[in-house]
Amino acid sequence: MPSAQEKVDVVLIGSGIMSSTLGAMLTELQPDWEIRVYEKLDYVAKESSDPWNNAGTGHAALCELNYTPEDENGHIDLKKASEINEQFHHSRQYWSHLIDNGVLTDPKSFINPVPHISYGRGQKGRDYIRNRREQMVRNPLFAEMEFTDDPATQAEWLPLMFEGRGPGQVNGISRTQIGTDVDFGSLSRQLLSYVADKGAAIRTGHQVTDLERSSDGWLVTVKDLLSRETHKVNAKFVFVGAGGGALPLLQKSGIPEGRGYGGFPVSGMFLRTSNPELVEAHHAKVYGQASFGAPAMSVPHLDTRVVDGKKYLLFGPYAGFSPKFLKRGRFTDLPFSVRGNNLPTMLNVAKDNVDLVTYLLGELTATKSARFAAMNEFIPNVEPRDWELIHAGQRVQVMKKDPKKGGVLGFGTELVSSADGSIAALLGASPGASTAVSIMLNLLKSCFPRQYETWTPALKDMIPSHGHSLAEDETLLKELSEYTARTLQLI
């Protein structure tokens, strides 16, 4: 048992992809630093990073339509898509660096090639997908994207979805064959094994219950959930990467930068099958268009998943509402998160998102037949006996202050850090896991400005495109894309 006077350089709260990525980076950049990782559960990466708690899309904005909104004039805004795609390139480069250095040994244990496809139904949906593709291919990041509205070609690309469909249907699909499926749980565990091998202590079944300022950082109160004993650790830097559990700990820290933030929890369920006939007839991640009022994370999609070397299909998500901030959280998480400084924000978000709340409650009470009716838009003649319903992880969307509306609901990720850089917390959801490397680059720059300059050469070795725009340098894009595809065994 650590003594009450124990002092360490870094405490990482949570054991998912965010903490494991930061831990691995700091282990290489500053091998003399002492790192502690505290995980509430008895096993690492079992919340949002677990492969059955997310879709493992490897978000690169290739198929996710909510990243490419279309205005009334038909203009597609590519800013967000381009940004996310560049960030996923950072992740691919870092993982390739780790493979080259023997930290990761088997890329297929966490990443596999799976085409990413966007799907629009009806004439309006077809025209949007075609227009989206025509504008996206002008950007080098998306240059190889294909489009078809030909039923025979669609059946060739996606036999499970399009073979045997009746005549007269109008659909449009775009395909990018450089997409991936990622098991972030497996990746997190491998990163943490590396961190532990280099001397970090990883303690599962340990819950951080409080954060207090100390003379040179933070006094972290940790409870051993098995022995029920509590001890304190003095850390120079704390990262709160606890998924939905990050907001309550950010609030406990009391830093002014965390004031005004709230959390809106969204639960999710998927239908899953391992039926070989179905799995072999579909090799893609196919994203459709969101229903009215649906959150971005609830866009319907039919995904190929590879977990522990076995292929599955996943359809969903079916969204719902639960006040828990974690899958294994408490029903009091949401009400206990309300503070005087975030109540106005939360009330304004509630006022402006009545349609969303209605949608979530409707999803929560949806019947089994209604769930399969939604799937029938993707797979004609669904056999319910082939599929099982699984409960995915909780997502906590960010509610934050807005000068015009008073409060807005965000669907991305947000890094909140103190002015002195001694603590940082990550809030929000998708596309978080896929962009973890870029998020940590931003954290290193903002929280460790004194060390950052000396770290820059090593960071450039980890992520060669760091500081460059791949969209503006086609030669570098081609070189690094080929390098990471080869190293990660994607070709």
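Begin by selecting helix 1 and helix 13, whose crossing is right-handed. The model on display is a predicted one. Helix 1 covers residues 17-29 and helix 13 covers residues 436-447; they pack at an angle of about 55°, and their axes are 9 Å apart. Helix 1 is therefore oblique to helix 13.

Next, show the side chains where these two helices meet. Helix 1 contributes residues including Ile-17, Leu-22 and Leu-29, while helix 13 contributes, among them, Ala-436, Met-440 and Leu-444. The residues of this contact comprise 13 nonpolar, one polar and no charged.

Now turn to the largest nonpolar core, which has 69 residues. Select Trp-95, Phe-239, Leu-443 and Leu-444, the residues with the most contacts inside this core. Helix 13 supplies its largest share, eight residues. In soluble globular proteins, nonpolar side chains tend to be buried together.

Centre the view on Trp-95. Among the residues that Trp-95 touches are Phe-88, Phe-110, Val-182, Val-437 and Leu-488. A second, separate core contains 38 residues, including Val-240 and Tyr-261.

The tour ends with the backbone. Most residues other than glycine have a negative phi, and most peptide bonds are trans. Select Gly-316 and Pro-317, which are joined by a cis peptide bond with omega of about -5°. Pro-317 belongs to strand 15 (residues 310-320).

Then select Asp-308, in the loop between strand 14 and strand 15. Phi of Asp-308 is positive, near 55°. Asp-308 counts as exposed because its relative accessibility is 74%.

Finally, select Asn-381, in the loop between helix 12 and strand 16. Phi of Asn-381 is also positive, near 60°, and at 69% relative accessibility Asn-381 counts as exposed.

Definitions and conventions: Residues are numbered from 1 along each chain as its sequence is written. This is a predicted model: local features need pLDDT of at least 70, side-chain atom pairs count only at pLDDT 80 or more; totals for chains, interfaces and linings use all residues. Side-chain values use heavy atoms; hydrogens and water are left out. Axes are lines fitted to C-alpha atoms, for helices over the stretch in contact, and angles run from 0 to 180 degrees between N-to-C directions. Helices (H or I, at least four residues) and strands (E, at least two) are DSSP runs, numbered from the N terminus. Angles under 35 degrees count as roughly parallel, over 145 as roughly antiparallel, 65 to 115 as roughly perpendicular and the rest as oblique. A crossing is left-handed if the near helix is turned anticlockwise from the far one by less than a right angle, and right-handed if clockwise. Contact means heavy atoms within 4.5 Å. Ala, Val, Leu, Ile, Met, Phe, Trp, Tyr, Cys and Pro count as nonpolar, Asp, Glu, Lys and Arg as charged, and the others, Gly among them, as polar. A nonpolar core is a set of buried Ala, Val, Leu, Ile, Met, Phe, Trp, Tyr and Cys residues joined through side-chain atoms within 4.5 Å. Buried means under 20% relative accessible area, exposed over 50%, partly exposed in between (1.4 Å probe, protein chains only). Lists of a residue's contacts leave out its neighbours within four places in sequence.
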